[in-house]
Amino acid sequence: MIVLGIETSCDETAAAVVNDKREILSNRVLSQLDDHRPYGGVVPEIAARAHLEHLDRLVAEAMDDAGVDFDDLDAVACTGGPGLIGGVMVGTMTAKAIAFAAQKPFMAVNHLEGHALTVRLTDDVAFPYLLLLVSGGHCQVLIVEGVGRYKRIGTTIDDAVGEAFDKTAKMMGLGYPGGPALEKIAEKGNPNRFGLPRPLRGRPGCDFSFSGLKTAVRNYMDGFPVEQQTEDVKADLAASFQRAVGDTLIDRARNAVFQFMQDYPAGNTLVLAGGVAANKYLRGRLVELTDQAGMKLVAPPLDLCTDNAAMIAWAGLERFRLGERDDLDFKPRPRWPLDPQAPKRPGAGVKA
Amino acid sequence: MSFTDYIKKMLTGQSRSSDSADHAASQLAEKSGPTLLAIDTASTSLTTAVLINGEVKGELFANMERGQAEHLMSFIAESLEKAGIGFDAVDGIAVTVGPGAFTGMRIGLATARALGLARKIPVVGVSSLEAVAYGVSERDQQGRNILVALDSKRNEIFAQAFDGKKRPLSTPECVAPRQALMMAPPGDTILAGDATPRLLTAAAHAPDAFYDCTAHSLPRAGNVALIAASRWESGENLAPVPMYLRAPDARRIEDQGPQKKK
């Protein structure tokens, strides 16, 4: 069973081919970082233009890398949402057209389901498991009961974690994307120098909030005249910020772990997915937590934590082999919660 | 040919009808011209058609502000069915490249390019402005110049002037209606396109020089196919890349000013 996957929901254009032996036959990802850097964030129209410009070439390369023809495919999968709609449209139409021309089934995949199921491709993790999905656009805790069966037990009520990193870094003049830059200078900083809030810490539930933290950093920055905003100050502030994020993340994740262990005694895995998984400090904190709880922390390799098409192909494959199919009149969905029962939230949680 | 080679050829305009000869050879022995599937979603409509032996078949047209992404594939299937052929019989794809609605342009172009890729057949672009000019009848035109104007959902419009034989007199531009009027040389001019009412308003000072006409105000896929077919052998069709004519709305970081305080 061979599936082509396409991903265009944010600022990565990607195409990949996977099979049901859990092999990634090809995995092409083109980052648009340079296109968006001058604007300090992802510009939807620029993203959509870049997706159209590059996607068919990336699909061609992915097919050639995998050494397969369109006739060899069993299905064509794409991200059908949630995400920036202009890009999702490009990927969806490309997948529909290939499916039509090659007379193959079409699968519209929820981008978050792609992240959620990646560990089954990479590590063959069995259901159920607890998933912490943390990226620039998403921040939620889900219990993954099975393919298509997700229970969201927590989400951000304002910014996503990665977003908080990027915005804070932008404020400190660390460039774009700022998350990795902030982590880097934080290594040299004193995490105890600045007192910052730990939003929602100690409260019941697993929701997150990061915007107050961001504002607190801004207030410190504004308190320093420009000439006193030295590298040392920035490093200390970055370290203090990162520790505060870690504290609040761990506090919320601990509640999630308790709830999961109680409701799903068979499960013993916490899966970390999304681009924030690249942050070594936060990852270390989560390892401490799972060690304490007697659970295992599993995170896909970094290139499969950030947006990619192998995860879309895989999620499409998982649904395909359960007999699911989507129609060619599928409407791309800017908002598409994995758990439709979960209440709507403001901020980064609004779309998913 | 690898898929990567196909893409390189197509986007550099090197993909010619001869590349699809192996497909064509198995088709009708005595057909005249390429069998084309034409798609247009670049405005506020959805239209598809098939061209066989120089004849437009199965043309569909629907006004559509939204929903092109949902309906395009079924339109294509229906056009092929009405034309009595399968997709395998198609030698190439013709698609409008705009100017027009950005998302709409991308829906058509992404679809056309992927259809081409999956079958390794040529994909060619046709200007939406030219497709509208093509639809102006001889009776309406009577050898006069044509000024085509398409809506851009902004103050500006997309415009281009054509001569009595529908050859371009100007480049396509994104301009204010009054500036668009100056694209046509002095003399009687036929106006076409869905922004015609805005041109007529701007032309109030010279009511005797500009005439509305009975042509469709948006492109028709049949005309898109005919234009593409006329340039098929010469390879003078446009590459299937969008004609935006307007930069994305975005402010560079240095122009974003101080951060707002919450």
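## The enclosed cavity

The structure holds one cavity of 30 Å³ or more, where a cavity is a set of points on a 1 Å grid over the protein atoms alone at which a 1.4 Å probe fits but cannot get out. This is a predicted model, in which local features need pLDDT of at least 70 and side-chain atom pairs count only at pLDDT 80 or more, while totals for chains, interfaces and linings use all residues. Residues are numbered from 1 along each chain as its sequence is written, chains are lettered from A and ligands numbered from 1 in the order in which they are written, and side-chain values use heavy atoms, with hydrogens and water left out.

The largest cavity has a volume of about 50 Å³, a volume being the space filled by probe spheres set on grid points that are joined across faces, edges and corners. Its lining consists of A:His51, A:Leu52, A:Leu55, A:Asp56, A:Val90, A:Thr94, B:Ala110, B:Arg113 and B:Ala114, lining residues being those with an atom within 4 Å of a point. At least two residues each come from H2 and H3 of chain A and from H4 of chain B, and H2(A) gives the most, with four; helices here are DSSP runs (H or I, at least four residues), strands are DSSP runs (E, at least two), and both are numbered from the N terminus. By class, this lining has five nonpolar, two polar and two charged residues, with Ala, Val, Leu, Ile, Met, Phe, Trp, Tyr, Cys and Pro counted as nonpolar, Asp, Glu, Lys and Arg as charged, and the others, Gly among them, as polar.

## The second largest pocket

Two or more lining residues come from each of helix H3 (85–102) of chain A and, in chain B, helix H3 (68–83), helix H4 (102–119) and strand S6 (145–151). H4(B) gives the most to this lining, with four residues, and the lining as a whole divides into twelve nonpolar, eight polar and nine charged residues.

## A helix contact between the chains

The axes of helix H2 (residues 44–66) of chain A and helix H1 (residues 3–11) of chain B come within 7 Å and cross at roughly 155°, the axes being lines fitted to C-alpha atoms over the stretch in contact, with angles from 0 to 180 degrees between N-to-C directions. That crossing makes H2(A) roughly antiparallel to H1(B), a term for angles over 145 degrees. In this contact (heavy atoms within 4.5 Å), H2(A) contributes A:Asp56, A:Arg57, A:Ala60, A:Glu61, A:Met63 and A:Asp64, while H1(B) contributes B:Phe3, B:Thr4, B:Ile7, B:Met10 and B:Leu11. Six of the contact residues are nonpolar, one is polar and four are charged.

## Buried positions

In helix H6 (residues 178–186) of chain A, the buried residues are A:Gly178, A:Gly179, A:Leu182, A:Glu183, A:Ile185 and A:Ala186, buried meaning under 20% relative accessible area and exposed over 50%, with partly exposed in between (1.4 Å probe, protein chains only). Their cover includes helix H5 (161–171), helix H8 (231–263) and helix H9 (280–293) of chain A.

A:Asp207, in the loop between H6 and H7 of chain A, counts as buried at 16% relative accessibility. Leaving aside residues up to four places away in sequence, A:Asp207 touches A:Ile153, A:Gly154, A:Thr155, A:Ile157, A:Leu200, A:Arg252 and A:Arg345.

## Backbone features in loops

The peptide bond from A:Phe127 to A:Pro128 is cis, with omega near -10°, and A:Pro128 lies in the loop between helix H4 (111–122) and strand S6 (129–134) of chain A. A cis peptide bond also joins B:Gly98 and B:Pro99, with omega about 5°, and B:Pro99 is found in the loop between strand S4 (92–96) and H4 of chain B.

A:Leu200, a residue other than glycine, has a positive phi near 70°; A:Leu200 sits in the loop between H6 and helix H7 (211–223) of chain A and counts as buried at 19% relative accessibility. B:Gln142 has a positive phi near 50° and is placed in the loop between helix H6 (138–141) and S6 of chain B, where B:Gln142 is exposed, with a relative accessible area of 57%.

Note on methods: Parallel < 35°, antiparallel > 145°, perpendicular 65-115°, else oblique. 1 Å grid on protein atoms, 1.4 Å probe; cavity = no way out; pocket = protein on both sides within 12 Å on 5 of 7 lines; lining within 4 Å.
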